[in-house]
Number of protein chains: 2
Amino acid sequence: MNEQYPSILLERAVGEFAKLPGIGRKTAMRLVLYLLRQENVVVETFADALLTLKHEVKYCRICHNISDSEVCRICANPQRDASTVCVVETIRDVMAVEATQQFRGLYHVLGGVISPMDGIGPGDLQIESLIERVGAGGIREVIFALSTTMEGDTTGFYIYRKLEKTGVKLSTIARGIAVGDELEYADEVTLGRSIVNRMPFTGTN
Amino acid sequence: MNEQYPSILLERAVGEFAKLPGIGRKTAMRLVLYLLRQENVVVETFADALLTLKHEVKYCRICHNISDSEVCRICANPQRDASTVCVVETIRDVMAVEATQQFRGLYHVLGGVISPMDGIGPGDLQIESLIERVGAGGIREVIFALSTTMEGDTTGFYIYRKLEKTGVKLSTIARGIAVGDELEYADEVTLGRSIVNRMPFTGTN
């Protein structure tokens, strides 16, 4: 036991919080002392929310997004365009695309990207299920919305090779200068790609 | 339910995390998804550490510091100088002073400072118990180690008035230029006080 901690229970709780990404021991201490000042029911509600999520959460059997039921609300929604599937890495990416309100198709959550450095191969991701999903028919277009990192590009290329002969249209989200950015401050790779991948100018886009 | 969240359970867990001070919804989401990727036992250990702390933590009946027993390890340690008591606001302050290894006396944790703005009066703090503790005899010196804020000063002065006639020596931690600071960047109040409260120069201090 660290001499500084007045209580083993306190030290243990701080230690648990400090395991979370981006939370150091000082922040952990602040959070634990905050919870300690609250009523019992507040801490119990907090713990219960985490345990219930962990024990009862489901993953949609179609798109593998987090869901409260067998099939998620997006996949179950008849108003969505089931012929277009957007391939993303994580649940957060689904939320990010949904927040734009610009996409009415379905998703496919890979659960990460191929990263040999982290020991993540194609078999660790929902790639096989994507191939099967496309093979089952009914999908006209697969949109890749992956990170513009080496791992994202590798993953995209790996899936591209698996799908290129299916006849399904494959596309990727536009990469270029972000809205509001000044050219002067854009990095060379992004600016270079945005010139190579230039689009018809309609006067407003 | 927020349209963006794919699961009510997820939204609830994120909402609970986002109630913690300094944790926004984006950070909360990141922490919850991190826990979701861990084994069940990791989340159960995390929740258990919090619940056990909340349900079983004790406060030392002498100094009111957090403790695993009736009397904390510091108060129970016969090697500590029981005639000197350092008055601090919080448990974290005890840990900060302990980390310096410069103090061998005991503590008295007030549990905060007098702050009419936050509805905290003297009765909400462990002030009465400090007066009683001093009144019981055996204490030669009370050292005030409170924040150099208006609330800290007010609290110190309030207790000072209660103790000034007891004959016990009252002192406060030195306030001045921090070790390693350049005068040029010190604020005027601190610099002014450090001149008024100048100390005998021994050539090394």
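How many bridges join β3(B) to β4(B)? There are 5, and the two strands run parallel.

## Model and numbering

This is a predicted model, in which local features need pLDDT of at least 70, side-chain atom pairs count only at pLDDT 80 or more, and totals for chains, interfaces and linings use all residues. Residues are numbered from 1 along each chain as its sequence is written, while chains are lettered from A and ligands numbered from 1 in the order in which they are written.

## The sheet of chain B

In chain B, 4 strands form an open, parallel sheet in the order β4-β3-β5-β6. Strands (E, at least two residues) and helices (H or I, at least four) are DSSP runs numbered from the N terminus; two strands pair if DSSP finds at least two bridges between them. β4 (105-109) and β6 of chain B are at the edges with a single partner strand each, so one side of each has no neighbour in the sheet.

## Helix α7 of chain B

Helix α7(B) covers residues 150-163, 14 residues in total. Its buried residues (20 or more other C-beta atoms within 10 Å of their own, C-beta atoms being placed from the backbone) are B:Thr155, B:Gly156, B:Ile159 and B:Leu163. Seen down the axis of α7(B), these buried residues fall within an arc of 100° (taken from the directions from the helix axis to the C-beta atoms), so they line one face of the helix.

On the other side of α7(B), B:Met150 and B:Arg161 are exposed, meaning 12 or fewer such C-beta atoms.

Key
The expected span of a helix is 1.5 Å times one less than its number of residues.
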